[in-house]
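Student: I have the structure open and would like to go through it piece by piece. Can we start with the inside and work outwards?

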Amino acid sequence: MADTLKVTLVKSPIGCIPKHRRTVEALGLKKLHKTVELPNNAATKGMIKQVEYLLKVEE
């Protein structure tokens with residue numbers, strides 16, 4: 001199990017419900033095709049699961 005996850009925003013959250021837009025921003029993703037490294041824990045995984053249709057995740 002990796003210590004971090006690489007998360008990339010691949011689809012725009014513009015047409016999404018506001019809760020999903022706030023979740024994407026809370027993950028630290030502001031622009032398309034930008035990648036952030038996040039800790040591999042339950043809280044992060046839950047946020048990723050909620051908006052997985054907008055993201056690409058690598059371990």
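**The core and what surrounds it**

Tutor: The largest nonpolar core has 13 residues, and those with the most contacts inside it are Val7, Leu27, Leu29, Leu54 and Leu55. Keep in mind that this is a predicted model.

Student: Which strand gives the most to this core?

Tutor: β1 does, with 3 residues. β1 and β2 (35–39) each supply at least two residues of the core.

Student: Take leucine 29. What does it touch, not counting residues up to four places away in sequence?

Tutor: Leucine 29 touches Val7, Leu9, Val24, Lys34, Val36 and Leu55.

Student: OK, the sheet. What is the strand order?

Tutor: The order is β2-β1-β3 in an open sheet of 3 strands, and the pairing is antiparallel. β2 and β3 (55–58) are the edge strands, each pairing on one side only. On average, neighbouring strands are turned by 30° against each other, direction ignored.

Student: And how many bridges between β1 and β2?

Tutor: They pair over 5 bridges, in the antiparallel sense. Valine 7 has valine 36 of β2 as its bridge partner, and threonine 4 stands opposite proline 39 in β2.

Student: Which residues of β2 are on the covered face, and which on the uncovered one?

Tutor: Val36 and Leu38 make up the covered face of β2, while Thr35, Glu37 and Pro39 make up the uncovered one. In a regular strand the side chains alternate between the two faces of the sheet.

Student: What is around leucine 5, leaving out residues up to four places away in sequence?

Tutor: Leucine 5 touches Val36, Glu37, Leu38, Asn40, Ile48, Val57, Glu58 and Glu59.

Student: How far apart are the C-alpha atoms of leucine 5 and leucine 29?

Tutor: They are separated by 13 Å, and the two residues are 24 apart along the chain.

Student: Switching to the helix α1. Which of its residues are buried?

Tutor: In α1, which covers residues 18–26, the buried residues are His20, Thr23 and Val24. Seen down the axis of α1, these fall within an arc of 100°, so they line one face of the helix.

Student: Why would residues three or four places apart point the same way?

Tutor: Because an α-helix has 3.6 residues a turn.

Student: What about the other side of α1?

Tutor: Arg22, Glu25 and Ala26 are exposed there.

Student: And what covers the buried residues of α1?

Tutor: The cover includes β1 (4–9) and α2 (42–50).

Student: What does its side chain have for a polar contact?

Tutor: The side chains of threonine 23 and glutamine 50 are joined by a polar contact of 3.0 Å. Leaving aside neighbours within four places in sequence, threonine 23 is in contact with Met47, Gln50 and Val51.

Student: Last one. Which glycine follows α1, and what is its phi?

Tutor: Glycine 28 follows α1, and its phi is positive, near 95°.

Notes: Residues are numbered from 1 along each chain as its sequence is written. This is a predicted model: local features need pLDDT of at least 70, side-chain atom pairs count only at pLDDT 80 or more; totals for chains, interfaces and linings use all residues. Side-chain values use heavy atoms; hydrogens and water are left out. Buried means under 20% relative accessible area, exposed over 50%, partly exposed in between (1.4 Å probe, protein chains only). Helices (H or I, at least four residues) and strands (E, at least two) are DSSP runs, numbered from the N terminus. The arc is that of the directions from the helix axis to the C-beta atoms. Contact means heavy atoms within 4.5 Å. A nonpolar core is a set of buried Ala, Val, Leu, Ile, Met, Phe, Trp, Tyr and Cys residues joined through side-chain atoms within 4.5 Å. A polar contact is a pair of N or O atoms within 3.5 Å; within protein, one must be able to donate a hydrogen and the other to accept it, and residues adjacent in sequence count only if both atoms are side-chain atoms. Two strands pair if DSSP finds at least two bridges between them. Axes are lines fitted to C-alpha atoms, for helices over the stretch in contact, and angles run from 0 to 180 degrees between N-to-C directions.
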